[in-house]
Amino acid sequence: MKTEKRVINFFILSILIISLIPFISAGVGLKWSEETALIPENSNVCLTYGVYNPWPKDSYVKIQLSDSLKEIITSSSGEVDLIPGYTYSNSSIPVNFCFKTPSVYKEDCLLFNSLICSQTCNETMKLYSGQVEVLESSSSKLDNSGSGGSSTAMSVSAPLTVKVKCVPHSRNYSIVYFAVGIIALAFLLWKIYKRKSKSKGKEIFEKRKK
């Protein structure tokens, strides 16, 4: 009886393994070296991740950030990349993901909230945590939402914490110096014009007098 049970269990297990083989014929894995990135505000930065595909089938992938990180992203570029089959972890293909952080710290400005500003960096450093997601698709093109629709096979992710670095700076008075220079030049030109006009008027008066 026990032998029969073992035979039945082995038979069921074999069927399950055989039925799962088509579903694991393709896929991607993700390698990363850092889970924290210190990035100055309003900066362009690119992060590199290693993507591999140990299965026989080629895969197309695109890297994007999870929704929890998208609030600090003003622009991004995640190109679709081909990961050939039998690409193992030790020969993973580097895939870049580029984005730009916004200005998150308030400056102290003297004019119009945008001119003659200084930054003391007294605020607590802003932290944003989420995931870097690799979407794997059977298609060479992913739609605008970042997914491949019905062709999307799977996704893998890596944790990422973005620390937005505040960059202190003093007030830049160059615009004031420029404005003062323009005013001084305008005043000088006005004085020259006035002097010439006075001299010309005097000459005309002398001629008429003669």
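1. Let's start with a term that comes up throughout: buried means under 20% relative accessible area, exposed means over 50%, and partly exposed is what lies in between, using a 1.4 Å probe and protein chains only. By that rule, phenylalanine 99 is buried at 2% relative accessibility.

2. A quick word on what you're looking at. This is a predicted model, where local features need pLDDT of at least 70 and side-chain atom pairs count only at pLDDT 80 or more, while totals for chains, interfaces and linings use all residues. Residues are numbered from 1 along each chain as its sequence is written, and side-chain values use heavy atoms, with hydrogens and water left out.

3. Now for the strands. Helices (H or I, at least four residues) and strands (E, at least two) are DSSP runs numbered from the N terminus, and two strands pair if DSSP finds at least two bridges between them. Strand β3 (residues 44-52) pairs with strand β1 (residues 29-31) in the antiparallel sense, over three bridges. Strand β3 is also joined to strand β7 (residues 93-100) by eight bridges, and these two run antiparallel.

4. Which aromatic rings pair up? Rings of Phe, Tyr and Trp (its six-membered ring) count as a pair if their centres lie within 6.5 Å; planes under 30 degrees apart are called stacked, over 60 edge-to-face, and the rest tilted. The structure holds two aromatic pairs. One of them is phenylalanine 97 with phenylalanine 99, a tilted pair at 5.8 Å centre to centre and 40 degrees between the planes. Phenylalanine 97 is buried, at 4% relative accessibility, and phenylalanine 99 is buried too, at 2%. In a regular strand the side chains alternate between the two faces of the sheet.

5. The other aromatic pair is phenylalanine 187 with tryptophan 190: the ring centres are 6.0 Å apart and the planes meet at 35 degrees, so this pair is tilted. Both residues sit in helix α3 (residues 174-209), three residues apart, which is about one helical turn. Tryptophan 190 is partly exposed, at 45% relative accessibility.

6. On to the disulfides. A disulfide is a covalent bond between the sulfur atoms of two cysteines, and here the rule is a pair of cysteine sulfur atoms within 2.5 Å. The count comes to three disulfides. How are they connected along the chain? With bonded cysteines counted along the chain, the pattern is 1-2, 3-4, 5-6.

7. Take cysteine 46 and cysteine 98, whose sulfur atoms are 2.0 Å apart. The S-S torsion of cysteine 46 and cysteine 98 is about 105 degrees, so the disulfide is right-handed. Cysteine 46 is in strand β3 and cysteine 98 in strand β7, so the bond ties together parts 52 residues apart in sequence. Recall that β3 and β7 are joined by eight bridges as well. Cysteine 46 is partly exposed at 46% relative accessible area, and cysteine 98 is partly exposed at 22%.

8. Next, cysteine 109 is joined to cysteine 117, S to S 1.9 Å. The torsion about the S-S bond of cysteine 109 and cysteine 117 is about 105 degrees, so this disulfide is right-handed. Are these cysteines buried or exposed? Cysteine 109 and cysteine 117 are both buried.

9. Then there is the disulfide between cysteine 121 and cysteine 166, S to S 2.1 Å. The S-S torsion of cysteine 121 and cysteine 166 is about -80 degrees, so the disulfide is left-handed. The bond links distant parts of the chain, 45 residues apart: cysteine 121 is in the loop between β9 (115-118) and β10 (126-137), and cysteine 166 is in the loop between β11 (152-165) and α3. Cysteine 121 is partly exposed at 24% relative accessibility, while cysteine 166 is buried at 14%.

10. Finally, charges. A salt bridge is a side-chain nitrogen of Lys or Arg within 4 Å of a carboxyl oxygen of Asp or Glu, and a search of the whole structure finds one. Aspartate 67 and lysine 70 form the salt bridge, with the closest N and O atoms 3.4 Å apart. Both lie in helix α2 (residues 67-70), three residues apart, about one turn of the helix. Aspartate 67 is exposed at 63% relative accessible area, whereas lysine 70 is partly exposed at 38%.
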